[in-house]
Amino acid sequence: MVTVLQKEKKSLVTNPGLVMVQSRLYSSAYSGPGKWIIYNPENRRAFLAVGKDILPEIVPILAKSSDIPIKTDLDGKLKQLMKAGLIIEKDNADLKNMTFVHRFQRALLDYPGVNYFDKDWRKKDYQLMDSYASMWDQPPKITPRFGSRIPLPKVNQEDLQPGEKVEPLSLRQLAAILRYVFGPIGKIKGQFGPNLRKTNPSGGAKHPTECVVILPRSYEYIQSGMYVYDVENHALIREEGYPKEGLYSLNKGTIGFLLRSRVERPMWRYREIRSFRPILLDVGHVLENLSELARIHGLSSKMAAPLVKEDENFTWLQEPEMVTLLVGPEAELDETTWTIPKKADLTQRPSKHFMTNPAVYFSFKDGSIHANVLWPRVETIPVSFEEFNIITHCLPSRRGDRNTTVKGVIESIQNTVPDNVQKLIRKSILLPDILGRNFYRGLELWVRHSWYLSFLAHLEGRNYLDQIQFVSLPDDNILTKENINILFNRHTTRVFSPQAVTQREWKYLMDKAFPIKWLTHQNLRIFLAAQNIEGVPHKLYEWDYRERKLVSLEKKLTSKDIRAMTSGMEFAGTGAISLWVWKGLNLNEPGTYETEIMKLGQIGQRICLACTEMELGVFLTPGIRDTLTFDTLGIDQRAESVVYYFNIGRKPIKGEHPYDRGI
């Protein structure tokens, strides 16, 4: 490898951001000999790690150079590794202790999406959906629920109205909130039959957010307990398997809404890792609707970590828990303590055969391979090359011809002693065979839709739920008893009128959508392109929410500029106002990663409600071109952030020609 004839000498080290995962988990279609994929989040390139022996040749190279720089002339092989980004110059190597969500966010930066400038994009999208439909059916738009149903009272919109005095929700009021937050209120034309319209927007009209209700006391004929809401039958079904501490910690006047996500609905439509983000925004939209309706009844709400279910069949992978919202009188919520019960370790049990844990990824650090375990707990363990060979030997085999008993492993892998195998079992890198098979079976949904990296990101956060602060949500409401109908009037707008938005309207929007109590403790920046606001020059501004004023960035954006920032979406930049809401993320706290993006979804729902109240239309998307957007807005913090875009303007009246601003 070392060549003394070259003049170019560099000090090279392994890229600390690399991850190594099972090839068949990364790509379900792969059936070749390579068992491992080395993935570079910086450029989203994946490389098969193959070799003549069980240990791929590249693995010891990357392991050793993660500690001792390669000080040598560049031969052809090193140039290939540098070009792939697997090794980099030492001066560029930082962040050796990255969390997985840090790597995940780097992979999402400038992720290539649909090119909406392509005039045939819609035709190509329909063809792609047809190809998906030919492989397997689209999942149900309403989740089928099974079990003994407890019917809820039939309700109408008037049942959302509060009583004359502040008191805990009645059963009828609870039934109304469930019906109109989680149930459909209309239908939208779709390629494979009608999609559902609900009181919140949802990417692709998939509406994955579902609800488990936590009742600490009996409500008329419904006993205390935890119940999943059956949307189709407007009923509750008792939900077992959750730790009882969540139920017992609530005061009698409090109700818990445990929000889960039916991930298969968006998975079927969007088969890339960036599509996990709209799931979190959807949860945020629902959170805001729940808390708005609670405040109408004079009740407070607190966001809390989700209760999580651990079972040997891994059924939670179909509908993972995302967050809990507690609702009740302020005094009772203040007295409530919310603790996350310690999870049981299902891995330490007798077994004759063992299987590699699918919740393990590998990194290279300090001269060795490190196994990063994300279930049943988070732990990073250096492993020797011999131990890595054991892990490879215990991967699931389609032929089933590998002996994965302790004795069989020792006989199959050279230089292996019982202590090597026992260490991997003790650290949960190897799982009992039956448990492992159940895990892989439950994970098939995520793997089949190319969401394995999203699964690892979610799983890492699931281990740090204690990082989620148990705090009250601000009480600045948009909904009132008088305007509650705006929940039902909201529609996503894609065609806008040429009429201007007034000074009163845009100021009301900013005051309502971004109350200062909301923003004080959030790492947020708000940018506004004034395209057609009365009395506001056509420029790009940043909103100073403390001083409640616009600060000019001395730029002027055309609608073509704005459209380019959203990968060419023809609806972008056609309204009177373009808004970009930027949120910084603390990627060193994986437990807060998802809830911080949910908070951005809450703001998105507030924007929708405030605009609907003023009869303004809104189009919204998280699908932006990151670098172009950050450069335009002057944002330096990039991989550690997320942006939500909103196009706002008047809806066209009948017979009015939509305003064409140079698209």
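**Aromatic rings in a predicted model**

Trp 375 counts as buried, because its relative accessibility is 0%. Buried stands for under 20% relative accessible area, exposed for over 50%, and partly exposed for what lies in between, with a 1.4 Å probe and protein chains only. This is a predicted model, in which local features need pLDDT of at least 70, side-chain atom pairs count only at pLDDT 80 or more, and totals for chains, interfaces and linings use all residues. Residues are numbered from 1 along each chain as its sequence is written, and side-chain values use heavy atoms, with hydrogens and water left out.

Start with the rings. The structure holds 23 aromatic pairs. Rings of Phe, Tyr and Trp (its six-membered ring) pair if their centres lie within 6.5 Å; planes under 30 degrees apart are stacked, over 60 edge-to-face, and the rest tilted.

Now turn to Trp 446 and Trp 451. Their ring centres are 6.2 Å apart with planes at 65 degrees, so this pair is edge-to-face. Trp 446 has a relative accessible area of 0%, so it is buried. Trp 451 is buried too, at 0% relative accessibility. Which residues do ring pairs link into a cluster? They are Phe 276, Phe 314, Trp 375, Phe 439, Trp 446, Trp 451, Tyr 452 and Phe 455.

Charges meet rings as well. The charged end of Arg 217 sits over the ring of Tyr 219, 3.9 Å from its centre. The charged end of Arg 448 sits over the ring of Trp 136, 4.6 Å from its centre. Here, "over" needs NZ of Lys or CZ of Arg within 6 Å of the ring centre and within 35 degrees of the ring normal.

Step back to the whole chain. The protein chain has 21 helices and 27 strands. Both are DSSP runs, numbered from the N terminus: helices are H or I with at least four residues, strands E with at least two. Along its principal axes, the C-alpha trace spans about 75 × 65 × 50 Å. Of the 663 residues, 58% count as buried. Among contacts (heavy atoms within 4.5 Å) with a separation of 6 or more, 76% join residues 24 or more positions apart.
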